[in-house]
Amino acid sequence: MSTITPDTKLDIGHNDDPSSNYLTCSSGFLSWAFTLDHKRIGVMYLVGIFTSFFLGGLFALLLRIHLLMPNGLFPETWVNMNTYNQLFTLHGAVMTFLFIIPSVPAALGNFVLPLMVGAKDVAFPRMNLASFHLWVIGAIFFLIALFTTGLDTGWTFYTPYSIETQTNVIAATIGAFILGFSSIFTGLNFIVTVNTMRPPGMSWFKMPLFMWAIYATAIIQILATPVLGITLLLLMAERLLGIGVFDPSMGGDPVLYQHFFWFYSHPAVYIMILPAMGIMSELMSVYSRKPIFGYTFIAYSSIAIALLGFLVWGHHMFVSGQSPMAAVIFSGLTFSVSIPSAIKVFNWLATMYKGNINLATPMCYALSFIFLFAIGGLTGLFLGALATDIHLHDTYFVVAHFHYVMMGGTVIAFVGGLYHWWPKMFGVMYNEAWGRFFCLVVFIGFNLTFFPQFIMGSRGMPRRYATYDPEYQIFHQLSTLGAIVLGLGMVGAVAVLVWSLFNGRKAPANPWGAATLEWTCTSPPPFYNFEHAPHVGSPYDYSQLKYDPQVGGYVKDPNAKPASDHH
Amino acid sequence: MQSILADTMFFPPERSSVAGSVDGLFDFIYYLSAIFFVGIVFAMVYFVLRYYQRPGHKEEPSPSHHEVLEITWSVIPSLLVGVIFFYGFTGYLNMREAPENAYEINVRASKWNWLFVYPNGAESDELHIPVDRPVKFLLQSGDVLHSFYIPAFRIKMDCVPGRYTSTWVIATDTTEAPDPNDENAKDGHLPMNLFCAEYCGEKHSAMRAKVFVHEPGEFDVWVEKAANILEGRSPAEAGEILFKRKGCAQCHSIEGDMSAKYAGPPLNGQWGTERKVTARGTTETVTMDENYVRESIRQPNAKIVEGRKPGMTVFTPQLLKDDEITAIIAYLKSLK
């Protein structure tokens, strides 16, 4: 369809008026830094998040290259054990706190959510801006930690090592503490927006599933993040004042720290994956041209995951010395949370049945997600079962499982979502062929990086090792090779998008034929989003949209009958 | 459950009584997952090939939900994970409860070495255990968190400062120390790896040891001999053993290596020489003599050599006896 050049006289829904376009309606640094516009805040988050992603990725590549040789590839003076420990810590901390937690909600959610409810902005635009400013301040504290002494505790800050290390734990924990508030502000904003600003006609069960996912995520953000804040304050007090809560030499309990930490950080993995699942529900339906299968089950499963996610933190601690009884209970609860995720996968698959599957780049990412997330989810079963977890705990098996879910899941869905909403965000179409090509490169690189890690993990290779037994070398070498391919793929995927900003053809209002409200305003949206409040229909009813080759996108079919409502 | 995958690329060899059942459960989950994964990918690929967008192809109506189908694919996985949970926890309880007659070994983890203490007082930095007999490991940590992990036994447990944790095992096969000079050496397995699995600071990945499994008779002889290092050896020889066993060698080079690879200063050729140290904020010059070495072991933070950071383990008399310090001093004197 990209071969057709749209008639420039035709109104394709592209925003050609620079004074109305949100990107160009005002200019200058301050017009961005202090904007209250959710779309600009979303774009700034996007830039910040990708900067963090490439920084974290650089750390990952360095440490993977180091692991090519059992005693490290780089000379001691460049990367020794100490620098290696810093690399994996900073990789984890940057990717977790600066990238993946804010990724989908703060960047895409901020941009899309108000548009999806046909509103002008989120409920509290100033709080939204404050959330971004806090993110920047948090990031500065991470940079302070990075450029002073580094950080070598692992992203988990486990006590008592985090109390006695000479590195700058205080700066990093202040950073994570501030980033926690940033996350709470975003979550609170989204809850209020969804509760109060839905337009007439959009009942709870007529919301797009992305909204359900963002809503469930926001609940976790505001309930769990304060616990992280308290834990990090206690850790700072322990380091600075020696209050003896976590330090065993003063009667404290280091395992208590782990309980506190995972009480936040396990729900936090659902902060990471739920919005990605929301994107998946949108993509699978739009690109299959079919209503999403089992809307109600998917919506409820998001809420079920959010609630059950609070009850399973102890599965990070099966070998920590917690009682066998606690371990058994946490193992049982852990299996209960696997079911809602499985339901979603089956529903996405069923959505494709009898569809008309458009293999555009976002759909390629969505299919890639199903493949990778299936592996990530199923390998979780080995870790939820107690007897096998004892062997696999703290090995590369866990590293591989985590990356299959978080990177193969969240990051892939995030990039897919970004390709999906890119024409709306910036009013340009990217090159479809290159978009698909780099999706394939990422897919191959990803599997090559992380699949060998399952095998070396079940063979007993512990994680966070700067040097290792030579028997594991072949797996490390494959993994490093994969990491290089993956890195190139990611750079390519982003380059395709950046290239389109300068050379892409104009995007129509609705290039993919989606039925959610954000596609009813122009691409890119005007500063005020909608001239008239949009008409709310079913978010997954495509019967009234028809592809118009002259527009290069979908338009309302004047002859369509109003569809019967499936749910 | 016995494992089919046991001797494949997925696992280290099985060398304990529980390894078979752990691998058996792993197999069960593996094949179950494989079935689901193949099903998911098959459905995905089939739908894409059948329904991809092309001229003349249109979407067709189909139900947007189907309760019986959805309940089925919720309930069946629930039952299957219930089975996995059951085998996981019964297997786990077996791994946690040591039999009462188990031979007990104290495991002391500290940055970054292992010390194994046997009932007769013998100590070693490599683990030696008898075959076919329950052995209980009582785990302690002298500083930060560590984790006691022997892949071939499929056991792992954290060592937590300020409390005891434990795990146990019955080793099923003996190991032979490989002797490169003896072509007729008996068939035996190589010593197994013991790893620290919980990140514990700079040399976490160097915190490894070997596990030797002996015939019961051989083990008794070994443990008797190991109990007395000072006897029958010159003080310098005993000091050398202690220097390695107590973990000194992890941070102090005996080859003059000043690099950051070693956290502490090198110790060879230093006897009687002067060095600059920081003591309570002031810089002093001290000579390396018997009392300086003794102080540096008993109160390592009292005087820090310039350019180094505090962080050495404090060796109380429980960790290192006076006689043993004397032996280490003799060893340090001998180092050129």
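Chain B is split into three parts: domain 1 (1-51 + 64-96), domain 2 (103-178 + 186-227) and domain 3 (235-334). These bounds come from an automatic or database domain assignment. The C-alpha centres of domain 1 of chain B and domain 3 of chain B are 53 Å apart.

This is a predicted model, in which local features need pLDDT of at least 70, side-chain atom pairs count only at pLDDT 80 or more, and totals for chains, interfaces and linings use all residues. Residues are numbered from 1 along each chain as its sequence is written, while chains are lettered from A and ligands numbered from 1 in the order in which they are written.

Chain B contributes 75 residues to its contact with chain A, and chain A contributes 75 residues. Two residues are in contact if their C-beta atoms, placed from the backbone, lie within 7 Å. On the side of chain B that touches chain A, α2(B) gives the most, with 16 residues. Helices (H or I, at least four residues) and strands (E, at least two) are DSSP runs, numbered from the N terminus. The table sorts that side of chain B by class.

| Class | Members of the class | Residues on the side of chain B that touches chain A |
|---|---|---|
| Nonpolar | Ala, Val, Leu, Ile, Met, Phe, Trp, Tyr, Cys and Pro | 42 residues |

Two strands pair if DSSP finds at least two bridges between them. Strand β11 (residues 274-279) of chain B pairs with β13(B) over two bridges. V277(B) has V305(B) in β13(B) as its bridge partner.
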